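Here is a short report on a protein structure. Keep the sequence and the 3D view open as you read.

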Protein chains: 2
Amino acid sequence: MAMVSIKDVAARAGVSPGTVSNVLNRPGKVAPATRERVEAAISELGFVRHGSASTLRAGHSRTIGLSVIDIGNPFFTEVAAGVEDVVSELGYAVILGNSAASPEKEDRNLRVLAEHRVRGVLITPSGEDTARLDRLREHGISVVLVDHPAHRPDQCAVAVDDVAGGRAAVAHLLARGARSIAYVTGPLTIRQCVERRTGAEAAMREAGLDPEGLRVVRAATMTAKAGEKAAAELVAQGLPEAVFCANDLLALGVLRALLRSGVRVPDDVALMGYDDIDFAAASTVSLSSMRQPTYQLGRIATELLLDECDNPDTHAHQHIMFQPELVARESTQ
Amino acid sequence: MAMVSIKDVAARAGVSPGTVSNVLNRPGKVAPATRERVEAAISELGFVRHGSASTLRAGHSRTIGLSVIDIGNPFFTEVAAGVEDVVSELGYAVILGNSAASPEKEDRNLRVLAEHRVRGVLITPSGEDTARLDRLREHGISVVLVDHPAHRPDQCAVAVDDVAGGRAAVAHLLARGARSIAYVTGPLTIRQCVERRTGAEAAMREAGLDPEGLRVVRAATMTAKAGEKAAAELVAQGLPEAVFCANDLLALGVLRALLRSGVRVPDDVALMGYDDIDFAAASTVSLSSMRQPTYQLGRIATELLLDECDNPDTHAHQHIMFQPELVARESTQ
DNA sequence: ACTCCTTTTGAAAACGTTTTAATCCTCGTC
DNA sequence: GACGAGGATTAAAACGTTTTCAAAAGGAGT
């Protein structure tokens, strides 16, 4: 329990605490000779700066919050990797929050982030309630939306066009000859699920089909397990010619359950996922999917956030929208 | 930029700041009437406690650190889920660090955690250098090892028997009739890789084979991509009858590359992974693997850590060692 | 020797909370 | 009606840093 403070360092180096602080934060402002002396004292004493004291006095922390919907989903893991890579050299800490698509958990996480006075928050909101995000901003905490379009102009957001993605996915299935299509979705509170569906319906309309014909199966969560359950439902009610899943995890679950029931993919049923996670290409029947620039999403969002924090006056808010890319594999051959 | 402080709340409620603090931290100590008044003021003013100030004065934070080797590996994601579930109701924050098996990155992350004066650290160390962990403890930060046996008696650790796992895996391959076996491993700085190999060699010895016969292929990282590369090497140098991978990610990469080269699994080569991540069961040829109580690892480690922090005197350090379980699937049929 | 810069350092206040010790009340008891 | 006991509340000091402002030191020019 060493508890070496800046004062001890100052005493050891024969300078004042203020100078030590300068060495730490504005090394340019202090003469090389003194700086060296201070640095020596720091390492001799094993001093490590008390982040909370620093945050308290300086008024801002070196911490950002990252709130995702499902940390078990490789999509978000890859986003997190992008965030990490940008942030780690800067000595920033990332506080991770997993909302599990529950507004209450998300609330609790945001509250924790607010208490920690994080510099900013990267969030993939799990619902459309923008109020709590606005409340964060009132506390001086910047917010950048990840995989979600902006709520308002004075805000950064990095997203991927989910309507376009849903349309492309279903257009692909239709082009392959499927006429009856099921859409396996997660909770309808999740925007991505809704928009991909909108796109899917648009594709049907464009093909001259009634969008009402899109059979929607709702899964409780966007996991493989939930996908298996959804597939059971499909099997019980009679199979469509093609299934479009809101997510690769759902699709992998659907695939597993279908194969187990003796349904052949893609011969009996074609199958499309979304996100193109690494495992999509490796699955039993390799999975067609919609690829998104996931890692980039994390990187760019973080860069925007940091710019907003560091240059509040010159910062230009940006709404970036990527286009997803169809990757056709065995499951829709 | 509201910046409501405890003083404002106190003024509004007509009490002193000390009383507000009591309402926040020891609600029992304050009369119901005043408490209500204070709570009303809190919500009217939208007060949120300044965590750094609290940490600074109280001497301890409501934050723990989680340092993993690869956040992209579902194994660690599941550990993280276990951690999250324990911690989230307590209002604790989790600072995530990804060491990417690099001691430098791990160092940097630990430094950040030390600066933040986290309550404790959960870590899967990426090497055997215990010095920096001891340094953390000197700063009064508890450390619990995850998926790693204890370095010292006065320390908690939750691990899985990797030697036993390696032995069981290779014994399984031998029982299936394989005589030439390759071991695809990650960096040898990673203990898990080394111990699984030790187990593998033990299994060979027990079967009357020369453990030197175990062909070791080293991959730079424990990812699917690195697995593909390793498989290419195997193919080029002549295939063994069975391949044991230190990790499911490696195994999935090996599998993908083998199939692409026209090698049949398990007919030409049997394949075993390790970790039994969700995707192992879903892959092209479902993957035999060693299952570990991953989620439990995270949960229990966190509980131990919190107990150590909250009851430093009554706390009994524990070294928990789980046994892995073999899951046989198609890849070793 | 003096002034006038520039560069470097130091003293002290402030950040928002927790906590200790002290004060103030309210009651019950004698 | 005085006295204490005991609970509720408060005032004030601390936690370790950053930052502002002023002062000191050093150098150059007269």
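## A cis bond in a loop

Start with Pro266(A). This residue sits in the loop between helix H11 (248-260) and S9 of chain A. The peptide bond that joins Val265(A) and Pro266(A) is cis, with omega at about 5 degrees. Keep in mind that this is a predicted model.

Now turn to chain B. Pro266(B) lies in the loop between helix H11 (248-260) and strand S9 (270-272) of chain B. Val265(B) and Pro266(B) are also joined by a cis peptide bond, and omega there is about 10 degrees.

## A positive phi

Go back to chain A and find Asp275(A). It is in the loop between S9 and strand S10 (289-291) of chain A. Asp275(A) is not a glycine, yet its phi is positive, at about 115 degrees.

## The four-stranded sheet of chain A

S9 leads us to a sheet. Four strands of chain A make up this open sheet, in the order S7-S6-S8-S9, and the pairing is parallel. Strand S7 (215-218) and strand S9 (270-272) of chain A are at the edges; each has a single partner strand, so one side of each has no neighbour in the sheet. From one strand to the next, the twist averages 20 degrees.

Look at one pair of strands. Strand S6 (residues 181-185) of chain A is joined to S7(A) by four bridges, and the two run parallel. Within this pair, Tyr183(A) is opposite Val216(A) in S7(A). Helices pack here too. Helix H10 (residues 224-237) of chain A touches S6, S7 and S8 of chain A, and its direction makes about 140 degrees with that of S7(A). Helix H8 (residues 162-175) of chain A lies across S6, strand S8 (242-245) and S9 of chain A. H8 runs at about 165 degrees to S8(A).

## A sheet built from both chains

How many strands form the open sheet that takes in S2(A) and S2(B)? The number is 12, and the pairing is mixed. The order is S11(A)-S5(A)-S4(A)-S3(A)-S1(A)-S2(A)-S2(B)-S1(B)-S3(B)-S4(B)-S5(B)-S11(B). Strand S11 (319-322) of chain A and strand S11 (319-322) of chain B are at the edges; each has a single partner strand, so one side of each lacks a neighbour in the sheet. The twist averages 20 degrees from one strand to the next.

On the chain B side, strand S5 (residues 156-160) of chain B is joined to S11(B) by four bridges, and these strands run parallel. Val158(B) is opposite Ile320(B) in S11(B). On the chain A side, helix H12 (residues 294-310) of chain A lies across several strands, including strand S1 (63-68), strand S3 (120-123) and strand S4 (142-146). H12 runs at about 165 degrees to S4(A).

## H5 against H12 in chain A

H12(A) has a helix partner as well. Helix H5 (residues 74-88) of chain A packs against H12(A) at an angle of about 40 degrees, and their axes are 7 Å apart. H5(A) and H12(A) are therefore oblique to each other. The crossing is right-handed.

Which residues meet? From H5(A) they include Phe75(A), Val79(A) and Val86(A), and from H12(A) they include Tyr295(A), Leu297(A) and Leu306(A). The residues of this contact divide into nine nonpolar, four polar and four charged.

## H6 beside H7 in chain B

Helix H6 (residues 103-115) of chain B and helix H7 (residues 131-138) of chain B pack at an angle of about 0 degrees, with axes 11 Å apart. H6(B) and H7(B) are therefore roughly parallel to each other.

Pro103(B), Glu106(B), Asp107(B), Leu110(B) and Ala114(B) in H6(B) meet Arg132(B), Leu133(B) and Leu136(B) in H7(B). Five residues of this contact are nonpolar, none is polar and three are charged.

The UniProt annotation "domain: HTH lacI-type", from an unreviewed entry, covers residues 4-58 of chain A. This span is 71% helix and 0% strand, and its end C-alpha atoms lie 20 Å apart.

Helix H1 (residues 6-13) of chain A packs with helix H3 (residues 32-45) of chain A at about 125 degrees, and their axes are 9 Å apart. That angle makes H1(A) oblique to H3(A). Their crossing is right-handed. The contact has six nonpolar, no polar and four charged residues.

Methods. Residues are numbered from 1 along each chain as its sequence is written. Chains are lettered from A and ligands numbered from 1 in the order in which they are written. This is a predicted model: local features need pLDDT of at least 70, side-chain atom pairs count only at pLDDT 80 or more; totals for chains, interfaces and linings use all residues. Side-chain values use heavy atoms; hydrogens and water are left out. Two strands pair if DSSP finds at least two bridges between them. Axes are lines fitted to C-alpha atoms, for helices over the stretch in contact, and angles run from 0 to 180 degrees between N-to-C directions. Contact means heavy atoms within 4.5 Å. Angles under 35 degrees count as roughly parallel, over 145 as roughly antiparallel, 65 to 115 as roughly perpendicular and the rest as oblique. A crossing is left-handed if the near helix is turned anticlockwise from the far one by less than a right angle, and right-handed if clockwise. Ala, Val, Leu, Ile, Met, Phe, Trp, Tyr, Cys and Pro count as nonpolar, Asp, Glu, Lys and Arg as charged, and the others, Gly among them, as polar. UniProt positions are given in the numbering used here, feature names are shortened, and annotations may be inferred rather than shown by experiment.
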